[in-house]
Structure formats: structure tokens, C-alpha cells
Amino acid sequence: MQNKGAIRVVAIIFALVCLYQLSFTYFSKKVESRAKAYATNTYTRNLAKQLANGDALREQELLDSISTTRENNYLDSIQDRAVYNFLFMRKFTYRECKSRELNLGLDLKGGMNVMMEVSTIDVVRNLATNPNDPNLIKLIDAAVELQKKGGKNFITYFKQVIEEQSKTSKIDLSAFFRVKLKEKGITATSSNADVLNAIDKECTDSYDRTFQVLSKRIDKFGVANPTIQKLSATERIQIELPGIKDPQRVSRLLEGSAQLEFWLAGNASKVLPALVNADKWLASIGTETETGTATIAENATMTESVTTATGKKDTSLAATNPLFNKLHPNNGNLHPSIVGVAAAQDRTDVNIMLKKAVKILPQDVMFLWSAKPIKGTNQYELYVLNYTNKSKTALLDGDVISDAKNDFKQTGEPCVTMVMKDEAARKWAKITGSNVGNNIAIVLDSVVYSAPTVNGEISGGRSEISGSFTVDEAKDLANILKSGKLTAPANIVQESIVGPSLGAESIHAGMISFIVAFLLVFIYMIFFYNMAGISACIALLVNLFFLFGVLASIGAVLTLPGIAGIVLTMGMAIDANVIIYERIKEELFAGKNVSTAITDGYKAAYSAIIDGNVTTLITGIVLAYFGSGPVQGFAVTLSIGILTSLFSSIFISRLVFEFMLSRKKFLPHITFYNGLTKNFLKSPKLNFVGGHKIQYIITGVMVLIALGSITFKGLDYGVDFSGGRTYVVRFDQDVNPTEIRSALQKEFGDAPEVKTFGPNYQVKITTKYKVNEDNEAVKKEVIQKLLNGTKSFFKDNNMTIEKFESTMKSPLGIISSEIVGPTMADDIKRSAVIAVVIALFLIFIYIGLRFRKWQYGLAGLASLTFDALMTIGLFSLFSGILPFSLEVSQDFVAAVLTVIGYSINDTVIVFDRVRENVRNNPKQPYGRVMNDAMNQTLSRTFNTLASTLLVLLIVLIFGGEVLRGFMFALFMGIASGAFSSLFVACPIAYSLITRTKKERIKLEKK
């Protein structure tokens, strides 16, 4: 072995670096183990028992709460304390160790993953002098339509629209934007290019500022190890928050724009007569609301009992009082600026009616809802606010806050105190001085928090916001105000929440599958290759050690699909060893001694191993680039695993053999087979090429079956591709999905999709209810409807909304959820198609160049297309038949791409042997050359397929419900890949290469 010393040195250095990187994980986990022991000691248990007063359920809740608090306090207290003394040269604190440990993904430890989209469309509109200009609206709408198809950022398509429409008509952008872009140098004579550049810069600046503001909010929120990442190409921001206990609180924190305004509050008594007239007018024309259309004829006999703000019952015809049927007027007992109250679900209907009757209402007022419902009810207050100038703007607005903090009023209620910037403070003093006795409404993000009476001029710029806050709400509001306002709206387009119970189960299932697969591979290799199998097992252990070390050193996140990637890497590492060992066996059968056979076997195997792994690496890189979240974690793990398995299979195993040979006096003789495996598929004489026409017929029938199932039965698309809301709900007893679907149909109108997810006491519920509306009120509404529909299926009759929605504390209720908006779903589908096409194209190019014949590339492409089609077809065919979900999601796309990479590995091995045989026997008929190559590599094909499918089968059985569909796709796809390498790729390559030659001899039947 050449350069043996250098390779040994490199391996040792690499191992030491990996050990150093993994040591941080060891010490951080050691500290956390101590914290958990401290938090759950006898004192904690006795305290919980004492406070519970004999209530067992209450005792468990208190124990969880107290232990969590004590654990967090313990860890906070030692954040900056040294816990790791590295060789007595450098001390590392717990905080430093934690930042360098091997990170677990949210699917393994629980938490929240959010994809936010910054609306630069609104930035462009705000830059316009008149955003409602019909000509500008047409340009913006055209760009929006292009964005839906292309998926890039808005400004790219806005430029494209301007460029295209300028060819047929004159467009002067300066007319739209020169007023607000005056400071940027835009004048009436500025060219469209100059205006677009200025707009582009404003959009980029707005995106960057939004990212900075969100970063500040997350930092102040106090979550451990948050991740926030820019995705500039799509104007999105990806955020991962592990261990979140209140996802709804996070949503409010992230989506609040912090647009703070101070308005002059109006007098409700002066506006009520106009509302009465509006109510009569709406009754005369019939009202159309979100909940449907109500006309006088339809509702003439309808009555309902409504509760007014006085608390008295008022029975009236819904048709004759459509507005006051929803909005219950203030009779004088409420704040003088409140015109009435309405239930949470009725606010949208009231807004629609007020908008319709706008011409009947006073033109110098507007209406805004309270930020929170009246305490103990679901009733929200509707405030009337006065316009005080022609431009209809607030008395004071903009980025006016220099500091904000949560505090307490004299009554003990939480509140937020603010300090304004100097210029704003002077304006505030003037405003309050001229409005003594009036009410000033404090409005944040278009909802009213309070409307206090001004008792005198307020100098110094100090103010206070109150409104029945909890302590956490006051903290979050102060955080939002202090971090600054978002310069562009940022909306959540994808949201995924995993509870810790599901995360713990995923770790348990993943580890079991990993260990069982690992042991079975060991047994298989030692059984089949005897002493040489031990070398493969050692190389595999070193490979895993290197893989985890690299993941830790680059700060990668280990996800559940990442564990699947590691398991698949094991199979691929074994494949490299199988290729080497089969070549060594050939050399031994040729009469060479063990040392020479090992040397020649490694040399002969290099090209096949490198070609096969490079093609798989191509798919890994493509998937890492186009994937996101867990899929990206799978791709990164797979790509790193390919590189480490190459190093360990080629060099580490060789070093082990060299060691065995140098110690042959003390170690058993190196053997590569035993009595059972020595002649296994040693010299098969199968006539593969001779039956290529029959193979075409068989594969054609398989393709037709797959296409037929895809066409007529279709696929079960997950929310990744269709958009919607998915919730995994755990019950305390077995449930019937059909009965739950019927119960939920009464709540949602349309029946949601309900499927068993794993055990019979868990279901996955998918609905498209209000999927286009992603705000806090809608989320609460959906969860409330879920609880209403499923409450009767729990044994626990005391299932509250708090227990049901808490993914972090309760073992029952919602244990995970995902929300994908339609725009995000379109982007995911587009990215999936692009990823598959690019992977196929790159592999076609690589094989064509590597083997110097385009026919090989085309044959490989046909084989991979067959594999992808079969995998998709089998998903369609078995959907609804197998006892686990076969949803088409991002994980499925990852599986298809992995199958493509793994399948081409099989094909390349055969093509590589064909190339070698042609080089050694140039005059032999091509058909015989290919036939010999397929027979010579048949043992390798069988062993690789058997070991890989064995690993995948173990993960399919033990890996848990989350991975089951993903593993099924890999299992069937890789089996298809072995078939296509022999019966699709090779026959097509044979037919293409010999198509113009009289070389298609009828092979002798052997």
C-alpha cells in the first residue's frame, strides 16, 4: 500500500479532530443530566405533592412545572461557568459547550419551525404616491401572477413586467414613485431603470431590516439555541425554535409588525345614530357576510337570542337588524369610545357590513377592534376613532419608541411602559396638552390596546399600555416595541410544531432501528466474508465516528430523516466493501496469494466505487440545495456520509488488512469466504442480453400498471404539496377515524381528511379550512373546532383548550402540527420537480462523459426514470391498502432522489465492468461482453441489495410512524433500482450501442 504512513497520520488527525468536536456534546449532556437530577429530586416531588392536596393529576402537572422551572434555573445559573477543561489548556463554559454540541432537529427534541415571507409587494405599494392608481395596480398584479409561476422574489418579476410592457407602450415609473423616492435621487426625468434600482434597494433594505428586527425579538424571547436564516432568493426567513412551550405566543411575537399609533378616540354616542341608519339600510338590501347571505325573505321567520352589552337578552329578527344582530351596541356601561361588542367569530361579518355601509357612516371616523376580548368572555369591543387631518393619519405614528419594558400598575396588573424618542416626545407633549379631557387610543398593529383619558400634558415622552395582560404578554409586547417595527409585513407561510413526547418517541424509535440494523449488517458481513467481514465492520464503526464528528464540527442538525440518512450510509459503506471483496475473491480464484489479491482487488475496485458514489453524491447535493428542514438534514447527512464512507472503505479497511497481514503469526488467516459462500454466484451463465426483447415487454407492462394507478387512482398529497393544516392528535383510547371525520364535518362544514397515524389512538387530521388566512385568531378558531369535534372521543371529560393545544406539556391532544400556505405549497412542488430534473440531467452528463458514450448516459437516464416512476406508482397503488400513511411530501421527494442516486450506483458498477471487459477483450462481440459483465457483478448486486434492503426493512419496522412511508419508498425504489440496472439500463445500452452494427448476434444458449 503506497503512502501508508501518510494515510495513517491523516486518519489519526481526523479521528482526534472528530473526538474533540464530539467532546462538547458529552460535557453539555453531562451538565444537563445533573440539572435534570437536581430538578426532580425529593424536594421537588414533596413540594408538588404538598401543593396538590391529594389531586394526582394536579400533582403531576405541578411536578412537571416545578421541575422544568428548577432545571432551567440551574442551567441559567451555570451558563458562564467552566464545565470542560480541555487538556488543562483551555476551559470552556456550559454556554460554549452547548453552542458546539451536535444539534438535534426539532423532530427529535420538539419545537417550532417557521417559514416567514416578507411582503415586498407592500413595500412597493407604500413607495407609490398613489397606491390605488389603476395603471400601477395592473403592473403589480401582472408581476404577482408571474411570481406564482416562477417562485422568485417579487421585484424580479416587477422588472420583467416593466421591461416587456415598455416595448408596446410608454411607462413612466417616475410618475408613480418620484415623490417618496425623492431622497433617493429620483426626479421626473429619471429613467425606469433608475427607478427600479431605487425600488430594488428599498426592498432589499426592508428585507434586511425585517431580518434584524426578527432576530432581536427572538434573542430577547429567551429560547435556547434558536436558528434564523435568510432565504434571500424567495424573500423568506426560516426560523427554528427548539423547546417552545407556547407556539401561539411565538406566532404573535413574530407576526406583530409593531406599527404603533396614537389616535383621538371618538364619542360612541354620536356615532350610534349613524350605525342605526346603516343597520336599516343593510336590512333593506340584504346582507352578504363571510358566513353566507342573509336576505329579508330568507330570514323573515328567523329569530335568535343575542346578548347586548347590558347583559340583557334581546330577541329580534336577524333580517331586520343584520348589523346589530352581530354587533351589540353600547348602552352606556362601557368605555365612551366603544360603539358595541361582538363575538370573536362575528368580527369579520361586522367588518364586511361596515365596509358596505361606508357611505352612510360618518366620513371622519374609523372603527377598530380591541386587542383582547373582555375578560372571561369571547366578546371583543369595537372602538370609534376620529380622523384629525385631511390625510387621515394618526396623531403620532412611526418608529417613535426608544425603550419599552414590562411593568406593573399600582393595582398589580401587568402593563408596558414606553419611553419615546426626543422628537416624538415633543409631539406627544403637544398632543396631550391640547387634548385634556379627551381619550387617546393606543393602537398597535391595527388593534386598540387602551384608550385612556388625558388628564394633562405628558412631558418626557413617557406612556403606558395596559389591557388585561398576562406577564408573558407584557414581556412580548415590550420586546416587540423595543426591537422596532417591521418595515414590511412578514407572514408565516409554513409552520411545523413537534411536541417533546413525539420527539422522544422518534429518538427511541430511531435508535432502536439504528442499533438493530447495525448489528444485522455486522452479522451479515461476517457470515458472508468471514475474517474480511471484521475489517468491513471496523471500517463501518470508524465511518460512523467520522460522520458524527463532521456533523458536530460544521454545526449540522441531526434530524429523524438524518438518522435514516446515516442508516442508508451504512448500506452504501457496505456496498463499497462488497465491491472490493468481490474483486479480491476473483483475484484469489485466479491463483494469487492473499497479499497480492488484496492489492489488485483494491486497484480494480477504485473506479467502480468512485463512479457509483459520485453519482449518489450528485443527488445528495441537489437535494441539499433544493430541500428544506428535515429533508435538507437528510441530504447533508447523506452527502457527508458518502464522503466518510469512501475514506473508511478505501483507506481504513485497507489499513486493517495491512495490520492483519503484518501480524499473521498472531491473528487468524485472512479469508473472504466460508464453505457456504465460497461458490455463491461464482460463475453464473445467465443470458441477460439474449432476452432483452422480453425484458422490454415486462418493463413496459410494469410502467403501464404504474401509470394507470397514478392516472386513475392518483396520489395522496400531503400538505407540503396541496397546502392546508395538519394536526396529529393523540387520544387516551382507540378511536375510529370515520367517526371523527363525521364529528369534525359538523364543525368545519367540509369533512377533513382523518387517518390513523401509527397506533389506533392517534390520528392525523388535515383540513383546508381558512388556509389562506394565517393569523392568531384563525389558528385559535381551528384548534377550538378541533377540540369541539374530538372532545367526546377522550375518556378524560375535562379536556380543556389549554391541555388540548399544549404540545409541550400534555401527553394527549395535539402532539404535532403543520401549516402550509398555498404559495408555499406551489413553491415546494416547483422545487421538487426542478430537483428531480436537475439530478437526472447531471447524472446523464456525468455518465456520458465518464464512459465516453452518450448511449450509457441515455440508458442510465431511462433506468432512473423507470425507478422514479415505479416508486411513485407503488405509492399510488398501495395507498389506502397498507396500514401506514403513504403521503406524497417533501420526504417522498427525498426518497425518490435517493433512489435515483442509489440505483445509478448499481448501473455504474455494471457499466464499469463492461468498460473493463471491452478494454481487455476489444475484439469480443459487444453482447457477450455485456453479458459477462452482468454475470460477473451479480454476486455484488445480490450482496449489496440484500444488506441494504435488510437495513431499510429494520428501519421500516422499528423506525416509527414518522419514517414509515419514507422507508417504504426507499425500500421499493432500491429494489426497483436493482431490477432496472439489469433489465432496463443494460438492454437499452446494448440496443443503442449496437443499433447500426451487425453485432446483435444470437448468443448461444448456455
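Student: Phe793, buried or exposed?
Tutor: Buried. This is a predicted model, and in it Phe793 has a relative accessible area of 13%. The cut-off for buried is under 20%.

Student: Which aromatic pair is Phe793 in?
Tutor: Phe793 pairs with Phe731, edge-to-face. The rings sit 6.5 Å centre to centre, with 75 degrees between the planes.

Student: Where do the two lie in the chain?
Tutor: Phe731 is in the loop between strand E24 and helix H25, and Phe793 is in the loop between helix H26 and helix H27, so the pair ties together parts 62 residues apart in sequence. Phe731 counts as buried too, at 2% relative accessibility.

Student: What does the pair Phe884 and Phe968 look like?
Tutor: That pair is also edge-to-face, at 5.9 Å centre to centre and 65 degrees between the planes. Phe884 sits in the loop between H29 and H30, while Phe968 is in helix H33, 84 residues apart. Phe884 is buried at 15% relative accessibility, and Phe968 at 7%.

Student: How many aromatic pairs in the whole structure?
Tutor: A search finds 42. Ring pairs also build a cluster, with Tyr524, Phe527, Tyr602 and Phe942 among its members.

Student: Which charge lies over the face of Tyr602?
Tutor: Arg654, at 5.0 Å from the ring centre. Elsewhere, Arg347 lies over the face of Tyr380, at 3.9 Å.

Student: Switching to cores. Which residues touch the most other members of the largest one?
Tutor: Tyr856, Phe911 and Met930, in a nonpolar core of 72 residues. Helix H33 gives the most to this core, with 17 residues.

Student: What is Tyr856 in contact with, sequence neighbours aside?
Tutor: Its contacts beyond four places in sequence include Phe851, Phe911, Tyr926 and Ile993.

Student: Now H8. Which residues are buried there?
Tutor: Phe154, Ile155, Tyr157, Phe158, Val161 and Ile162. They cover an arc of only 160 degrees around the axis, which puts them on the same side of H8.

Student: Why would spacing like that line up?
Tutor: An α-helix has 3.6 residues a turn, so residues three or four places apart point the same way.

Student: How far does H8 reach?
Tutor: 17 Å from first C-alpha to last, over 12 residues. That is close to the expected 16 Å.

Key: Residues numbered from 1 in each chain as written. Predicted model: local features only at pLDDT ≥ 70, side-chain atom pairs only at ≥ 80, totals over all residues. Heavy atoms only, no water. Helix = DSSP H or I, 4+ residues; strand = E, 2+ residues; numbered from the N terminus. Expected span 1.5 Å × (residues − 1). Buried < 20%, exposed > 50% of the residue type's maximum accessible area, 1.4 Å probe, protein only. Arc of directions from axis to C-beta. Core = buried A, V, L, I, M, F, W, Y, C linked by side-chain atoms within 4.5 Å. Contact = heavy atoms within 4.5 Å. Phe/Tyr/Trp six-rings, centres within 6.5 Å; stacked < 30°, edge-to-face > 60°. Lys NZ or Arg CZ within 6 Å of the ring centre and 35° of its normal.
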